[in-house]
Amino acid sequence: MTTLYWIRDDLRLHDNPALTWAASRGEVIACVLDEPAYPGSRPLGSATAWWRDRSLSRLAANLASYNVPLYRLNGDARSVLPAFAATHKVSAVCWNRRYHLSTIDATAKDTLLAQGLEAHSFAAHCLVEPHAVKPFKVYSAFARAARAVLQDTMQPALGVPDLHGPGAIAWEELPSPGWAASLAEYWTPGEKAARDRLASLDLSDYDKGRDFPARPATSRLSPHLRWGEVSAREVWQFASALPTDASSFHSELLWRDFAWHRLYHVPDLATEPVREKFRNFDWYWDGGGIDTSGKDSRPHPLPELQAWRTGETGIPLVDAGMRELWQTGYMHNRVRMVVGSFLTKNLGIHWRHGEEWFWDTLVDADPASNPFNWQWVAGCGDDASPFFRIFNPQLQASKFDPDGTYVRQWAPPLSPPPIVDLKESRQAALDAYQEIR
């Protein structure tokens, strides 16, 4: 029997339930779909598209070593997947579940079943699936419930299954855009790089050092988790086995789950504020949109937004973060909060402009965490940072970059004058908030 394994955001061989099930039945063939932007979804950003294609190339080579072919398809999964399964005379199709396009997958599954095929999906992306706990809106309550579920249900991570297939086929990597050269200086997509990074995980300075952007205290596993090059379960278990207490690190993994749960229950998370009263908030919004064909660098007609994008606000910590993002496709989490607060509160610009920019430029941008975290920092989401909590970039720099190491690394030595007065803009934001209250 031949089983078709449909690859999505699970670009790995280790701890892959769908692939393990497929291998247990006999020969395996694999496919990946370049899908259209379905209603309620959008194309990948430039940085994640670059990462995905490099990672797929490495996955194709790994599968080829077991004679498993990887086919690249294009089109709507609801029609393309059943047609491909029929053409290749497979007896079953399997995949690991995703939580933002579940209706698409359900329709594809129904069509496959109607063709007389087996169709099975598996849990592999989150630690706890959305249906395993009730829909919490507060993280602390969610985390308690999720930890309880994990304590009762978590199984050991799976190894690489005993794979074999009918024979590998050639895989053609898409040309890398010119701007991606800088990303390649800092990142190596693929399962091997993910596992190497996990193997080097050191949490000895995590609790104290993770808020300091110049210190190598964080895991930098986020883009590997985004594409499932390593499973959240394996990361959790590896951290648990370290000599240092992993509670804080585990909490960050659960925060990732929390974002996916909220997206599952609030599918318009990227476009609508969760808290109703913010629908009338006076943020600047021009309809948005970024040319995702190539890490768009066209000037924005609003000078303040353009200055924020390019790291020319005259606020050193903000400019350092935005320049780190453009150069590396990444930004330290503490700095993400600062630049997000500055955009939405000091500049009064809609969080969606920031979310769209991060969507296009971050290598770890995913459909859940990116909008969820932007709504958190803007104050309009679930369990959000209160709107009146406005990060002062100068105070944040003095506390978390006291010797200026991070700012010197990324910000220009001669910054322009600040484009906004921090004290006055803070008060204007508070006044606007009082109006919607």
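Asp 211 is partly exposed, with 25% relative accessible area (partly exposed lies between buried, under 20%, and exposed, over 50%, computed with a 1.4 Å probe on protein chains only). The structure is a predicted model, in which local features need pLDDT of at least 70 and side-chain atom pairs count only at pLDDT 80 or more, while totals for chains, interfaces and linings use all residues. Residues are numbered from 1 along each chain as its sequence is written, and side-chain values use heavy atoms, with hydrogens and water left out.

Asp 211 forms a salt bridge with Arg 334, with 3.2 Å between the closest N and O atoms; a salt bridge is a side-chain nitrogen of Lys or Arg within 4 Å of a carboxyl oxygen of Asp or Glu. Asp 211 lies in the loop between α8 (206–209) and α9 (222–226), and Arg 334 in helix α14 (residues 333–346), so the pair ties together parts that are 123 residues apart in sequence. Helices (H or I, at least four residues) and strands (E, at least two) are DSSP runs, numbered from the N terminus.

In total, the structure holds 23 salt bridges. One of them joins the side chains of Arg 8 and Asp 105, with an N to O distance of 3.0 Å. Because Arg 8 lies in the loop between β1 (2–7) and α1 (17–25) and Asp 105 in helix α4 (residues 102–114), this pair ties together parts 97 residues apart in sequence. Arg 8 is buried at 6% relative accessibility, and Asp 105 is buried at 6% as well.

A further salt bridge links Asp 382 and Arg 262, whose closest N and O atoms are 2.6 Å apart. Here the aspartate lies in the loop between α16 (369–378) and α17 (393–400) and the arginine in helix α11 (residues 247–265), so parts 120 residues apart in sequence are tied together. Asp 382 is buried, at 7% relative accessibility, and Arg 262 is buried at 4%. Salt bridges also link Asp 34, Arg 52, Asp 53, Arg 54, Arg 72 and Glu 173 in a network.

Rings of Phe, Tyr and Trp (its six-membered ring) pair if their centres lie within 6.5 Å; planes under 30 degrees apart count as stacked, over 60 as edge-to-face and the rest as tilted. One aromatic cluster is formed by Tyr 139, Phe 142, Trp 255, Phe 258, Phe 372 and Trp 376.

Two arginines are placed over aromatic rings. Arg 42 lies over the face of Trp 359, at 3.9 Å from the ring centre, where a charge sits over a ring if NZ of Lys or CZ of Arg is within 6 Å of the ring centre and within 35 degrees of the ring normal. Arg 336 lies over the face of Tyr 330, at 5.2 Å from the ring centre.

Backbone geometry was also examined. Asn 67, in the loop between α2 (46–64) and β3 (70–74), has phi near 65°, a positive value in a residue other than glycine. This asparagine is partly exposed, at 43% relative accessibility. Lys 89 lies in the loop between α3 (77–87) and β4 (92–96), and its phi, near 50°, is likewise positive in a residue other than glycine. At 70% relative accessibility, Lys 89 counts as exposed.
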